[in-house]
Amino acid sequence: MANLKESERLDKVLANEGFGTRKEVKRIIHSGAVVVNGESILQESAHVNVYRDEIVVEGKKLETKRNYHFMMNKAAGYVCSTKSDSHKIVYDLLSDEDARRFVATGSISMVGRLDADTEGLLILTTDGNLNHRLTSPKYNIPKKYQVTLRDSVDGKTQEDYTARVAAGIHIAAEGKAPEADCRPAAVEWKSSEVCFITVTEGMFHEVKRIFAALGNEVIHLKRVQINGLVLDPALASGEYRELTEEELSVLDVQPIV
């Protein structure tokens, strides 16, 4: 149940669960189609406990959750924003039902961002605490990217790139982002033009700026892993699905007490 308190107005509960606008939900309630703990409820202002009460709508029991978490294989050309004049937004990739349930109510957010031309793993969640744990610098969450480079790199240069990045390379300023010393990162080579890089920061265009500092250029970038969660290869570009409990457990990091 996205972004709801335990005791909440019935019409808000149904609207958040995708049953329509407040006006449409009101019509459903007044029709006698909503039963709470065996009692027909006709008032939209009635309060229900979303985690304890049995709520049946049109004969179907409402299965409530405290939060929802989705894995998306972000497609190139989409921006991680709620609106854009020049690009499509990632929320356009959601189904109409999920858009009504989460985007229209403002209950879902992206975990970090990917550039418009960057593809791959993007997490959407209604859990603000989880989002904070995955994006706060103090948790050092590793994020792995597959990189395709403009220039082919021979074995000796690969070793040089790997060593310089592992030592923490200095990157130049870009736009409003100042120059910076990157934290040490790990590079694994797949071929002379393709490698994986794992970073623990989220600086603006960080991966692209790292390879620019090495004298090369990233021509394709795809995020493939966040913490222990690997992008599902069965997800086509632009597709998404809900995370399993096991996937959520390897994605998350618990606060240090």
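## Cysteines

The sulfur of C182 lies 14 Å from the closest cysteine sulfur, that of C195, which is too far for a bond. The structure accordingly holds zero disulfides, a disulfide being a pair of cysteine sulfur atoms within 2.5 Å. C182 counts as buried at 5% relative accessibility, and C195 is buried too, with a relative accessible area of 0%. Here, buried means under 20% relative accessible area, exposed over 50%, and partly exposed in between (1.4 Å probe, protein chains only).

## About the model

A quick note before going on: this is a predicted model, where local features need pLDDT of at least 70 and side-chain atom pairs count only at pLDDT 80 or more, while totals for chains, interfaces and linings use all residues. Residues are numbered from 1 along each chain as its sequence is written, and side-chain values use heavy atoms, with hydrogens and water left out.

## Helix 3

Helix 3 (residues 96-103) has D98, R101 and F102 among its residues, and these three are buried. They cover an arc of only 80° around the axis, which puts them on the same side of helix 3; the arc is that of the directions from the helix axis to the C-beta atoms. Helices (H or I, at least four residues) and strands (E, at least two) are DSSP runs, numbered from the N terminus.

What covers these buried residues includes helix 1 (10-16), strand 7 (69-74) and strand 19 (240-242), with contact meaning heavy atoms within 4.5 Å.

## The largest pocket

The largest pocket has a volume of about 570 Å³. Of the 28 residues that line this pocket, R113, Y145, E201, G202 and M203 are the closest to its centre. A pocket is an open set of points on a 1 Å grid over the protein atoms alone, where a 1.4 Å probe fits, with protein on both sides within 12 Å along at least five of seven lines; lining residues have an atom within 4 Å of a point. Points are joined across faces, edges and corners, and a volume is the space filled by probe spheres set on them.

Helix 4 (128-135), strand 12 (143-149), helix 6 (206-213) and strand 17 (218-226) each supply at least two lining residues. By class, the lining has twelve nonpolar, eight polar and eight charged residues. Ala, Val, Leu, Ile, Met, Phe, Trp, Tyr, Cys and Pro count as nonpolar, Asp, Glu, Lys and Arg as charged, and the others, Gly among them, as polar.

## The second largest pocket

The second largest pocket holds about 240 Å³ of space. Strand 6 (60-61) and helix 3 are the elements that give two or more residues to its lining. The lining includes E97 and R101, and R101 is also one of the buried residues of helix 3.
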